[in-house]
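User: I would like to go through this model term by term. For each label, give me the value and the cut-off behind it.

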Amino acid sequence: MGDFNRDGNLDIVAGTGTLDIFLGNGDGTFRAGATYSQGAVSLAVGDLNGDGILDIVDGYGTSLYIFLGNGDGTFSESGPTYPMDTGSMHIADMNGDGIPDLVFDGAGSITLATLGMMLGNGDGTFQTELLFPVGKEIAGIAVADFNGDHQPDVVVTTYDGNSVVSLLNTGVVKFFPSAPPTFLEQLVGTTSPPQTVRLTNTGSTTLSITSMTVAGQFGMTSTCGTTVAPGANCSITVSFSPQSVGNKTGTVAIVDSASSKPQVIELTGTATVVSFSPTALNFGNRKVGSRITLPLQMTNQGTTPITIASISTDSFEYFETNSCGTQLGAGASCGIEVTFAPTQKGDANGTLSISDSGGGSPQTIMLTGSARNQ
């Protein structure tokens, strides 16, 4: 909804196979206005070029279209189209420059598990999309100030029905990569290789850092100090040192002059007591109709027994046998043998999956091989 012809009455833009304008009469009824052949699945309304007239952003198929308002209830399709996946989208000033930006779910060929954002140029065009992985397919988006720092944040719901993910606006503080550091299948009692996040001060004044703390079963070092000059960057290095089995979460919280609330880097990791040697199997290039078997050892590095629910392969060209049974004692190992029996020429990749109670289940071992005729 919006006042498209500036008569003080709310109007409606609606889209299915066409883009249709309905002009308000001011009494709760509407009359048909302009119709455009461009279809629409998702719509957003805002003044994109600063002329005081409402414009329309139209998402349809895998493209985004801009319709600039003429002020009389009609619109002109203008500028380039942009790649995006059709879904929920919102117009908001995300970077505080007074120019409307666009937030939407997915971008072009990127999966819908990614939040997309395009910063506006102020003339009805947008910059290249910025991508923020969410991890699960997005069902809906809302934009509001969720932490009271006077900056617009984004919250998304996911199609699995179990997740609400908040993405807090960090203002002039930019983090790269934007995806939270994730540590996969780290053995309990060990420390992971480090991952580094770069912090950049995109503002025009010096960023003052009061404190930087880490929470959870994670470690942190930083080169940031107490100040970061305009345009400068520093690094935050984190590692994962799990003390117990399971999925772990943590944060790096930065109290600085960019916001009245801490900047937060989310951390996730999966802790396990199960190890494999080797960690992948490569069967090389084999003749069609031949067979080759490679061994794999599974070890319970923990102090209590674990239960093994299943061991299986996902390709008909690989099959396994094992001596593991349904339980593996503390400190014990068992053997798994995987056989590659190619039936046709070409690459043949697969996965060995082990479901167990040792953390990080299912454990996966990549299987690679190829076959030739002779």
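**Labels and the values behind them**

User: What is the bridge partner of F175 in β18?

Analyst: In β18, F175 has L199 as its bridge partner. Keep in mind that this is a predicted model.

User: What makes β16 and β18 a strand pair?

Analyst: Two strands pair if DSSP finds at least two bridges between them. β16 and β18 (residues 195-201) have four bridges, in the antiparallel sense. With a cut-off of at least two bridges, they therefore count as paired.

User: Which residues of β16 lie on the covered face, and which on the uncovered one?

Analyst: In β16 (residues 173-176), V173 and F175 are on the covered face. K174 and F176 are on the uncovered face. In a regular strand, side chains alternate between the two faces of the sheet.

User: How do you know that C224 and C234 form a disulfide?

Analyst: The cut-off for the two sulfur atoms is within 2.5 Å. In C224 and C234 they are 2.0 Å apart, so the pair counts as a disulfide. The angle about the S-S bond is 85 degrees, and the link is right-handed. C224 lies in the loop between β20 (218-222) and β21 (227-228), and C234 in strand β22 (residues 233-240), so the bond ties together parts ten residues apart in sequence. Both cysteines, C224 and C234, are buried.

User: Why is the disulfide of C324 and C334 called right-handed?

Analyst: The torsion about the S-S bond of C324 and C334 is about 80 degrees, so the link is right-handed. C324 is in the loop between β29 (318-322) and β30 (327-328), and C334 is in strand β31 (residues 333-340), ten residues apart. The sulfur atoms of C324 and C334 are 2.0 Å apart. C324 and C334 are both buried.

User: How many disulfides does a search of the whole structure find, and what pattern do they follow?

Analyst: The search finds two disulfides. Counting bonded cysteines along the chain, the pattern is 1-2, 3-4.

User: What makes F183 and F218 a tilted pair?

Analyst: For F183 and F218 the centres are 6.1 Å apart and the planes are at 45 degrees. F183 is in strand β17 and F218 in strand β20, so the pair ties together parts 35 residues apart in sequence. F183 and F218 are both buried. F283 and F340 also form a tilted pair, with 5.7 Å centre to centre and 50 degrees between the planes. F283 sits in strand β26 (residues 280-287) and F340 in strand β31, 57 residues apart.

User: Why does F283 count as buried?

Analyst: Buried means under 20% relative accessible area. F283 is at 0%, so it counts as buried. F340 is also at 0%, so F340 counts as buried.

User: How many aromatic pairs does the structure hold, and which residues do ring pairs link into a cluster?

Analyst: The structure holds nine aromatic pairs. Ring pairs link F183, F218 and F240 into a cluster.

User: What is the volume of the largest pocket, and which lining residues are closest to its centre?

Analyst: The largest pocket holds about 1,400 Å³ of space. Of its 44 lining residues, F132, L167, L168, T170 and S178 are the closest to the centre. β24 gives the largest share of the lining, five residues. By class, the lining has 27 nonpolar, 13 polar and four charged residues.

User: Which elements each supply at least two residues of the lining of the second largest pocket?

Analyst: β17 (182-187), β25 (274-277) and β34 (363-372) do. The volume of the second largest pocket is about 190 Å³. Its lining includes E185, F276 and Q363. The classes are four nonpolar, five polar and one charged.

Notes
Residues are numbered from 1 along each chain as its sequence is written. This is a predicted model: local features need pLDDT of at least 70, side-chain atom pairs count only at pLDDT 80 or more; totals for chains, interfaces and linings use all residues. Side-chain values use heavy atoms; hydrogens and water are left out. Buried means under 20% relative accessible area, exposed over 50%, partly exposed in between (1.4 Å probe, protein chains only). On a 1 Å grid over the protein atoms alone, a cavity is a set of points where a 1.4 Å probe fits but cannot get out, and a pocket is an open set with protein on both sides within 12 Å along at least five of seven lines; lining residues have an atom within 4 Å of a point. Grid points are joined across faces, edges and corners, and a volume is the space filled by probe spheres set on the points. Ala, Val, Leu, Ile, Met, Phe, Trp, Tyr, Cys and Pro count as nonpolar, Asp, Glu, Lys and Arg as charged, and the others, Gly among them, as polar. Rings of Phe, Tyr and Trp (its six-membered ring) pair if their centres lie within 6.5 Å; planes under 30 degrees apart count as stacked, over 60 as edge-to-face and the rest as tilted.
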